[in-house]
Amino acid sequence: MSVSRRVIGSEQVEKASRGGRRYIEVPPGGIVTVQARETAERLDVALRDGPLDRPQTPETDGAAALYRVLYRRSSKWMAPKPPAGRNPLRFRRIAIIGAGGVGGNIAHLAAARDAAGEIVIVDVVPGLAESIALDLNHSSGATRSKCAVSGSADPSASADADVVVVTAGRARSPGMSRADLLAVNRRTIRALGEKIRAASPGAVVIVVSNPLDEMTAEMLWATEFPRERVMGMAGTLDSARFRAELAHAARVGIDEVEAMVIGSHGGEMTPLVSLARIRGMPLDRFLDGEQISGCVERTISAGAKVVELRRTASASIAPAHAALELLDHMRGARVGPVPATVHLRGEFGIEGVPLGVPCLLGPKGLAEVAELTIDASERAKLKSASEAVRARIGS
């Protein structure tokens, strides 16, 4: 009598990665295809020979489940916890180029979360990166983080990094648009890209410098890396601002709001109203059209408002948290689609331009663009944003 054997293909590996699983059990006699092994290596999903020991299944909290179903509009409604990955990996080395407000805060957050064995901060200002590194190492006495932090004015100190986060470049000043920064920061990004290509040829690069979409394109060209390993941080920041605005307008907890912003980082961004949810329900169950439009407008102008108030600098805390969100998705601490700026190859009907879209990330960068279903007006705005970015980058 023949015994059927389970065949594990690349589809099962991709599904496991999207669900935050770090391994797949291969049953006795199971067959793993060549494509599945290649996909597992790319997404950092381990293939383990079974049978494996099973952890005990926790009991379901029926009371909490009942509250979520019956009291969505009530103050008693309990928001479900956001999906978290299992056994997130720890990067070997993260390099942060630029020790300004954003770079320093990213280093602080990543070190406190023990996201890497080592963090290297680089800045051209003598002593700045070193001082921040020393400060963070002192803080480990309180946080008990095992992450070692070093600083240098020499870019070669960041060599052989797993991830390079680029925050270098001039920040906006009052009255200056992101587009105004293009000529100013283009040379900086091109020079850094060439150095990253030589020093860390296997790294994933996360661009934070503005104008974000255009600087992501410059970094992609300068490094000559595949598109999977060059992305921009924008949608995570814009989405955070959108969620904050919706929570404030609806007078609910921020954990009760789910919303995403895609498109260009600036006036052409597209808050996805059609997919946004408060307590699991569409926005119009809590907010009227005028309130929703106000949230959208304040989200789009949020960055400029911070610049207007601070006068001499732009936002630094929220962008740092947004960058850390991408790092967490890459290492598996968070799962599911997250907006990031990547070079599109036909996704959403857009070709050859970097734009913020929902992405599934892994340790080696972009795993897949998640083409969520959005309404026609949002798709039209996304297309319009792509043409505006294309005109600015000249391709």
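Among the elements covering the buried residues of helix α2 are β1 (7-8), α1 (10-18), β3 (31-32), β4 (46-49) and β18 (365-369). Keep in mind as you work that this is a predicted model.

**Exercise 1.** Find which residues of helix α2 (residues 34-43) are buried, and work out why they sit on the same side of α2.

*Solution.* 
- Step 1: Start with the buried ones. In α2, these are Ala36, Thr39, Ala40 and Leu43.
- Step 2: Look down the axis. These residues span an arc of only 100° around it, so they lie on the same side of α2.
- Step 3: Recall a rule for helices. With 3.6 residues a turn in an α-helix, residues three or four places apart point the same way.
- Step 4: Step off the end of the helix. Asp44 follows α2, and its phi is positive, near 60°.

**Exercise 2.** Work out how strand β5 (residues 91-97) is enclosed, and which strands it is joined to.

*Solution.* 
- Step 1: Check burial. Of the 7 residues of β5, 6 are buried, so the rest of the structure largely encloses this strand.
- Step 2: Take one partner. Strand β6 (residues 116-122) runs parallel to β5, and 6 bridges join them. Arg93 is opposite Glu118 in β6.
- Step 3: Trace the chain between these two. From β5 it passes through helix α4 (residues 101-112) to β6, a right-handed β-α-β crossover.
- Step 4: Take another partner. Strand β8 (residues 163-166) is also parallel to β5, with 4 bridges joining them. Here Ile94 has Val163 of β8 as its bridge partner.

Note on methods
Residues are numbered from 1 along each chain as its sequence is written. This is a predicted model: local features need pLDDT of at least 70, side-chain atom pairs count only at pLDDT 80 or more; totals for chains, interfaces and linings use all residues. Side-chain values use heavy atoms; hydrogens and water are left out. Buried means under 20% relative accessible area, exposed over 50%, partly exposed in between (1.4 Å probe, protein chains only). Helices (H or I, at least four residues) and strands (E, at least two) are DSSP runs, numbered from the N terminus. Two strands pair if DSSP finds at least two bridges between them. A crossover is right-handed if, with the strands pointing away from the viewer, the path from the first strand over the helix to the second runs clockwise. The arc is that of the directions from the helix axis to the C-beta atoms. Contact means heavy atoms within 4.5 Å.
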